[in-house]
Amino acid sequence: MSNLNQDSQSALTIKNNEIKRVDTGGGEFVVGTQQNFNFIAPKPNPDKLLKLVEKFKNITEESPEFQDLVEFLDDYKRPRPGRKIIGLENKLIAGAREADIEDATYLKTRFARRFARYQLSSQHMAIHKYLLSQINERFRSKIKPYIKEGHPRIFIDAAVSDLIIQPFVDEVIEADPSIDADIIHGMLYFLTGNCHIEWA
């Protein structure tokens, strides 16, 4: 749209890629096409988590499996070595996501409380280990390339929802119905705050 003018009675002027005097009369004004993103995530497999829970149901705190869980989750609780420690807020600012700071802080705190509450429950720890590692991997392999390519925020948000949030909610629902989209978002921001996930 380089040069399009309507007569002086019109409420709309488009000239040199600039739109002026838009009057929708209470209706809708759309320029271009509405974006509809379709991201194909791997099909959720709830049986995988049910089997995981069953496997870890009766292990003792002295068992090697339990100690492996503790060690693995401790790595996620601490800032990732080799990355600058700037905290959740600054990580989001660096990724031009200032508008997310309030929600991200709240959701991260919700998950952190849950994480602490279940730190001696092998079943919950196994679920947390699975979800944190899968979220981290999927963000790194699917979302980070989109960010690096400079896709707009609406695209990135849709990708996060379609490739991370919804698939993992669908996968975990049978093993632990208390884990919802907010908790999965909280895990994402927990990983962000500890430098495992970067938005820039």
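Q: How should I read the relative accessible area of lysine 77: is lysine 77 buried, partly exposed or exposed?
A: Residues count as buried under 20% and as exposed over 50%. In this predicted model, lysine 77 has a relative accessible area of 36%, so it is partly exposed.

Q: With which residue does lysine 77 form a salt bridge?
A: The partner is aspartate 74, with the closest N and O atoms 3.2 Å apart, and aspartate 74 is likewise partly exposed because its relative accessibility is 23%. An α-helix has 3.6 residues a turn, so residues three or four places apart point the same way. Aspartate 74 and lysine 77 are three residues apart in helix H2, which separates them by about one helical turn.

Q: Which residues of H2 are buried?
A: They are Phe66, Leu69, Leu73 and Tyr76; because these cover an arc of only 80 degrees around the axis, they lie on the same side of H2. Pro64, Asp68 and Glu71 are exposed on the other side, while the buried residues pack against helices H1, H4, H5 and H7.

Q: Which parts of the chain does the salt bridge between lysine 91 and glutamate 198 link?
A: The side chains of this pair meet at 3.7 Å, N to O, and the bridge links distant parts of the chain, with lysine 91 in helix H3 and glutamate 198 in the segment after H7, 107 residues apart. Lysine 91 counts as buried at 7% relative accessibility, whereas glutamate 198, at 27%, counts as partly exposed.

Notes:
Residues are numbered from 1 along each chain as its sequence is written. This is a predicted model: local features need pLDDT of at least 70, side-chain atom pairs count only at pLDDT 80 or more; totals for chains, interfaces and linings use all residues. Side-chain values use heavy atoms; hydrogens and water are left out. Buried means under 20% relative accessible area, exposed over 50%, partly exposed in between (1.4 Å probe, protein chains only). Helices (H or I, at least four residues) and strands (E, at least two) are DSSP runs, numbered from the N terminus. The arc is that of the directions from the helix axis to the C-beta atoms. Contact means heavy atoms within 4.5 Å. A salt bridge is a side-chain nitrogen of Lys or Arg within 4 Å of a carboxyl oxygen of Asp or Glu.
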